[in-house]
Structures are given as C-alpha cells and as structure tokens.
Amino acid sequence: MLGSIADIQRCYEFRVGVEGEGARLAAQHNSRTRIADIEMALEAMDRCIAEGGLGADEDIAFHIAVAQASENDYFVRTIHSVTNAIRIGISIAATLSTRSTVERLTTANREHWAIFEAIRTGQADLARERMQAHIESARRRVFVGR
C-alpha cells in the first residue's frame, strides 16, 4: 500500500535495481517467444500513443513482458506488486508534466525500444543499463516534470 509520495519515490529507487537485473537476465536467456511478447507490448504502446491514450496499461505490459523474459517468476511477481505505484506515477506525470502526453509517452517508448533492442541482441549489460536509465528517466518525469 502506498502511503505517500515518498513511497512512490522509494518504489522507483527499488525498481532501478530489480528491473535492471531482470532486463539483464532477459537478454541472457534471449527466448524468441519472450522477445516476441516484449515486441507485442511495444507495438501496443505505439498504438496507444497514436490513439492519444494515457499508456499506463501498455507501459506495465512492457515491464511485465521483460520480467517474464527473465525466466524468473520473482521478477514477474515484483512487477505485479508495484503496478499500483506505476499507475500512480504515470498519472502524476500526466498531470504535472509540462510536456504533452504524446511527447512524454513517445520518449518513454523510445527508451523501451532501446531496452528491447539490447535484450533482442543478447547484450545483457546494455539491457541492464538501459532499463536502469529508463526507470531513472521515468522517476524524473514524475518528480521533476521532465
């Protein structure tokens, strides 16, 4: 349960390490089926952006697909456990950002595609670095408005 904005901040801090490692493992396992699932989540986000949606479900689907590609159910359970915090963070960013929803989501999905590319090509360390950078960027979109 979230009790404060500080809890959302701590969630982002937690996710940097956990999701970075999940992306690294996803790249190491490099399962064709799981990679196709990640790509489908990205394409859903592209459609959402084109249709002017908020993108929370699509964003979460991407992170769950990466966690599933780690082939470690603890990563999947962890993402499921923080989906409420992710939704609230996305809502805050949408409300407080000086950037349009389309611009903000396009930036986030560009980061997602870069993570996907590192996973698809088996570049484990790069996948981890890109996921960590993405989570940090998402945190800044929420708390700094950029």
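Because the model is predicted, local features require pLDDT of at least 70 and side-chain atom pairs count only at pLDDT 80 or more, while totals for chains, interfaces and linings use all residues. Residues are numbered from 1 along each chain as its sequence is written, and side-chain values use heavy atoms, with hydrogens and water left out.

The largest nonpolar core has 26 residues. A nonpolar core is here a set of buried Ala, Val, Leu, Ile, Met, Phe, Trp, Tyr and Cys residues joined through side-chain atoms within 4.5 Å. Buried stands for under 20% relative accessible area, exposed for over 50%, and partly exposed for values in between (1.4 Å probe, protein chains only). The residues with the most contacts inside this core are Ile38, Phe62, Val66, Ile119 and Met131. At least two core residues come from each of helix 1, helix 2 (32-51), helix 3, helix 5 (83-96), helix 6 and helix 7 (124-143). Helices are DSSP runs (H or I, at least four residues), numbered from the N terminus. A second, separate core of 14 residues includes Cys11, Ala56, Ala85 and Ile90.

Val66 is located in helix 3 (residues 56-69) and is buried, its relative accessible area being 2%. Beyond its neighbours within four places in sequence, Val66 contacts Gly22, Ala23, Ala26, Ile38, Ile119 and Met131, a contact being heavy atoms within 4.5 Å. Gly22 is 44 residues from Val66 in sequence, yet the two C-alpha atoms are 7.0 Å apart. For Ile119, with residues up to four places away again not counted, the contacts are Ala23, Ala26, Ala27, Asn30, Ile35, Ile38, Val66 and Ala127.

In helix 5, the buried residues are Thr83, Ala85, Ile86, Gly89, Ile90, Ile92 and Ala93. These buried residues pack against helix 1, helix 3, helix 4 (73-81), helix 6 and helix 7. The expected span of a helix is 1.5 Å times one less than its number of residues. For the 14 residues of helix 5 this gives 20 Å, in agreement with the 20 Å between its end C-alpha atoms.

Thr107 belongs to helix 6 (residues 101-120) and is buried at 16% relative accessibility. Its contacts, apart from residues up to four places away in sequence, are Arg99 and Arg141. Asn109 is likewise found in helix 6 and is buried, with a relative accessible area of 1%. With residues up to four places away left out, Asn109 touches Leu42, Met45, Asp46 and Ile49.

The structure holds eleven salt bridges, each defined as a side-chain nitrogen of Lys or Arg within 4 Å of a carboxyl oxygen of Asp or Glu. One of them joins the side chains of Arg24 and Glu21 at 2.3 Å, N to O. Arg24 is buried, at 16% relative accessible area, whereas Glu21 is partly exposed at 24%. In helix 7, Asp125 and Arg128 are three residues apart, again about one helical turn, and their side chains form a salt bridge of 3.0 Å, N to O. Asp125 is partly exposed at 44% relative accessibility, and Arg128 is partly exposed at 25%. Glu21, Arg24, Asp125 and Arg128 are linked in a network of salt bridges.

A further salt bridge, of 2.7 Å from N to O, links the side chains of Asp73 and Arg77. Both residues lie in helix 4, four residues apart, which is about one turn of the helix. Asp73 is partly exposed, with 43% relative accessible area, and Arg77 is partly exposed at 47%. An α-helix has 3.6 residues a turn, so residues three or four places apart point the same way.

Ile5 is in helix 1 (residues 5-29) and is partly exposed, at 46% relative accessibility.
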